[in-house]
Amino acid sequence: MATMAFTHSNQSLLHPRSFAVKDDCFCLFEGTLENLASLRQEYGLSKCVNEVLFVIEAYRTFRDRAPYPACKMVGHLEGQFAFVIFDRGTKTVFTAADSNGKVPLYWGITADGCLSFSGDAELLKAACGKSLASFPQGCFYSSASGLRSYEYPKNKVMGIPTMDGEMCGTTFKVEHENISAPMV
């Protein structure tokens with residue numbers, strides 16, 4: 001089971017939020033892609049395709065037709081972004097955040113054991129209590145393959161549990177490279 005919620009409340013003008021559904025792929029996208037025009041051209045998509053529709057199309061292309069791993073798709077994205085895709089057909093969650101962390105994305109485990117994502121740390125605290133952290137920059141997560149770095153796709157991502165007062169969290173490290181996920 002998956003639940004997605006979307007609002008324009010407290011939306012940044014520089015990082016607009018959008019939601020789209022196409023062929024059983026549900027996507028929440030926040031931010032902008034600086035290279036959207038060239039990506040549309042590369043994928044053969046029309047000029048009316050926005051960021052959220054592009055991310056769905058790119059995800060579906062790599063899922064269905066290409067022998068390339070997902071890190072290739074995310075590695076081509078330039079800009080400030082965070083997104084979550086739920087693929088109802090494969091029951092897969094796929095999410096990523098840009099390498100600079102300009103668009104906030106948090107994740108945690110809810111009281112009933114579900115994985116949860118939000119751009120609002122306070123909202124997620126209400127659902128996850130003490131078990132949440134910033135989503136690591138430059139990484140993607142797939143429920144099929146786990147957390148990976150798209151900047152260093154051959155290197156393993158290691159989670160190191162941390163405690164900050166009463167809050168539980170994790171700092172993520174890519175083999176010899178540090179990806180900080182500060183406590184919220």
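Residues are called buried under 20% relative accessible area, exposed over 50% and partly exposed in between, with a 1.4 Å probe and protein chains only. The model is predicted, so local features need pLDDT of at least 70 and side-chain atom pairs count only at pLDDT 80 or more, whereas totals for chains, interfaces and linings use all residues. Residues are numbered from 1 along each chain as its sequence is written, and side-chain values use heavy atoms, with hydrogens and water left out.

Helices (H or I, at least four residues) and strands (E, at least two) are DSSP runs, numbered from the N terminus. L14 lies in the segment before β1 (17-22). L14 counts as exposed because its relative accessibility is 66%. In sequence, L14 and G31 are 17 residues apart; in space, their C-alpha atoms are 7.0 Å apart.

Strands are taken to pair if DSSP finds at least two bridges between them. Six strands form an open sheet in the order β1-β2-β3-β4-β8-β9, with antiparallel pairing. Its edge strands are β1 and β9, each of which pairs on one side only. On average, neighbouring strands of the sheet are turned by 15° against each other, direction ignored. Axes here are lines fitted to C-alpha atoms, for helices over the stretch in contact, and angles run from 0 to 180 degrees between N-to-C directions.

Strand β8 (residues 139-142) pairs on both sides. Three antiparallel bridges join β4 and β8, and A96 stands opposite F140 of β8. Four antiparallel bridges join β8 to strand β9 (residues 146-149). In β9, L147 is the bridge partner of Y141, and S149 is that of C139. The two strands β8 and β9 form a hairpin with three residues between them. In a regular strand the side chains alternate between the two faces of the sheet. L36, L39, R40 and Y43 of α1 are buried. They lie on the same side of α1 because they cover an arc of only 100° around the axis. The arc is that of the directions from the helix axis to the C-beta atoms. On the other side of α1, A37, Q41 and E42 are exposed. Just after α1, G44 takes a positive phi of about 70°.

A pair of aromatic rings is described by the distance of the centres and the angle of the planes. Rings of Phe, Tyr and Trp (its six-membered ring) pair if their centres lie within 6.5 Å; planes under 30 degrees apart count as stacked, over 60 as edge-to-face and the rest as tilted. This rule gives 12 aromatic pairs. One of them joins Y59 and F94, a tilted pair at 5.7 Å centre to centre with 40° between the planes. Y59 sits in helix α2 (residues 51-64) and F94 in strand β4 (residues 92-97), so the pair links parts of the chain that are distant, 35 residues apart. Y59 is buried, at 9% relative accessible area. F94 is also buried, at 2% relative accessibility. Ring pairs connect F29, Y59, F81, F83, F94 and F140 in a cluster.

Side chains of opposite charge can pair when their charged atoms come close. A salt bridge is a side-chain nitrogen of Lys or Arg within 4 Å of a carboxyl oxygen of Asp or Glu. Eight salt bridges are counted by this rule. R17 and E30 form one of 3.5 Å, N to O. This pair links distant parts of the chain, with R17 in strand β1 and E30 in strand β2, 13 residues apart. E30 counts as buried because its relative accessibility is 13%.

D23 and R60 form another salt bridge, with their closest N and O atoms 2.9 Å apart. Distant parts of the chain are again linked: D23 lies in the loop between β1 and β2, R60 in helix α2, 37 residues apart. D23 is partly exposed, at 49% relative accessibility, whereas R60 is buried, at 14%. Salt bridges link K22, D23, E57 and R60 in a network.

K125 and E122 also form a salt bridge, with the closest N and O atoms 3.4 Å apart. The two residues, K125 and E122, are separated by about one helical turn because they are three residues apart in helix α4 (residues 121-128). An α-helix has 3.6 residues a turn, so residues three or four places apart point the same way. K125 counts as partly exposed, at 27% relative accessibility. E122 counts as exposed, at 54%.
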